[in-house]
Amino acid sequence: QVQLVESGGGSVQAGGSLRLSCAASGDTYSNYCMGWFRQAPGKEREGVASIDSNGITTYADSVKGRFTISKDNAKNTLYLQMNSLKPEDTAMYYCAAGSRFVCSRVVGLFGVWGQGTQVTVSS
C-alpha cells in the first residue's frame with residue numbers, strides 16, 4: 001500500500017507562487033491515478049488536478065492556466081506548481097492516490113490520502 005506525505009505549503013501574498021510536493025512510499029504510484037484536492041473550512045473537498053499513469057492531466061476550471069500537476073516517477077513524487085495565487089486558493093491541500101483504471105477529480109475514487117499541507121494566500 002502506498003503512503004503519501006505532502007509538503008511545500010505556506011503563507012504567500014496574492015500573485016505569489018508555491019510548489020507542493022507529495023512523496024510516496026510503499027508502492028510505485030506511477031501505476032495509479034494521482035490527484036491534488038483542497039478543502040477550505042466549511043467547504044467540501046474539491047478536486048484541483050489529476051494525472052493518470054500515462055501523464056494525462058485534468059484541472060478544475062478555477063485553477064486552469066495557473067496550476068500545473070506533474071510527477072517524477074523516478075523519485076516517486078507528485079508536484080503541484082501553483083502560480084498567480086489568489087486568496088480563494090486558501091485551503092488545506094491533499095494529494096491522493098486513486099484507481100489504476102480510471103482517473104478523474106472525484107473524491108470518492110481516491111482511497112489513499114496524505115495528511116495535507118496548508119496554503120494561505122493573503123490579499
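This is a predicted model: local features need pLDDT of at least 70, side-chain atom pairs count only at pLDDT 80 or more; totals for chains, interfaces and linings use all residues.
Reader: Why is Arg 38 called buried?

Author: Its relative accessibility is 6%. Buried means under 20%. So Arg 38 counts as buried.

Reader: What makes Arg 38 and Glu 46 a salt bridge?

Author: Their closest N and O atoms are 2.8 Å apart. The cut-off is 4 Å, between a side-chain nitrogen of Lys or Arg and a carboxyl oxygen of Asp or Glu. The pair therefore meets the rule.

Reader: Why is Glu 46 called partly exposed?

Author: Glu 46 has 32% relative accessibility.

Reader: Is Asp 89 buried or exposed?

Author: Asp 89 is buried, because its relative accessible area is 1% and the cut-off is under 20%.

Reader: What makes Asp 89 and Arg 66 a salt bridge?

Author: Here the closest N and O atoms are 2.7 Å apart. That is within 4 Å, so the rule holds. Arg 66 sits in the loop between strand 6 and strand 7, 23 residues from Asp 89.

Reader: Why is Arg 66 called buried?

Author: Arg 66 has a relative accessible area of 11%. The limit is under 20%, so Arg 66 is buried.

Reader: What makes one network of these salt bridges?

Author: They share partners. Arg 38, Glu 46, Arg 66 and Asp 89 are joined in this way. The count of salt bridges comes to three.

Reader: Why is Val 106 called partly exposed?

Author: Val 106 has 42% relative accessibility. Exposed needs over 50%, and buried under 20%. Val 106 is therefore partly exposed. Val 106 lies in the loop between strand 9 and strand 10. With Phe 101, Val 102 and Leu 109, Val 106 makes a nonpolar surface patch of about 410 Å².

Reader: How do you know that strand 1 and strand 3 pair?

Author: Five bridges join them, and they run antiparallel. Pairing needs at least two bridges, so they pair.

Reader: Which residues have the most contacts inside the largest nonpolar core?

Author: They are Leu 4, Trp 36, Leu 78, Leu 80 and Tyr 93. This core has 31 residues.

Key: Residues are numbered from 1 along each chain as its sequence is written. Side-chain values use heavy atoms; hydrogens and water are left out. A nonpolar core is a set of buried Ala, Val, Leu, Ile, Met, Phe, Trp, Tyr and Cys residues joined through side-chain atoms within 4.5 Å. Buried means under 20% relative accessible area, exposed over 50%, partly exposed in between (1.4 Å probe, protein chains only). Helices (H or I, at least four residues) and strands (E, at least two) are DSSP runs, numbered from the N terminus. Patches are made of residues with over 30% relative accessible area and no salt bridge: like charges are joined within 9 Å, nonpolar side chains (Val, Leu, Ile, Met, Phe, Trp, Tyr) within 5 Å. Accessible areas come from the Shrake-Rupley method with a 1.4 Å probe; for residues, only the protein chains shown count as cover.
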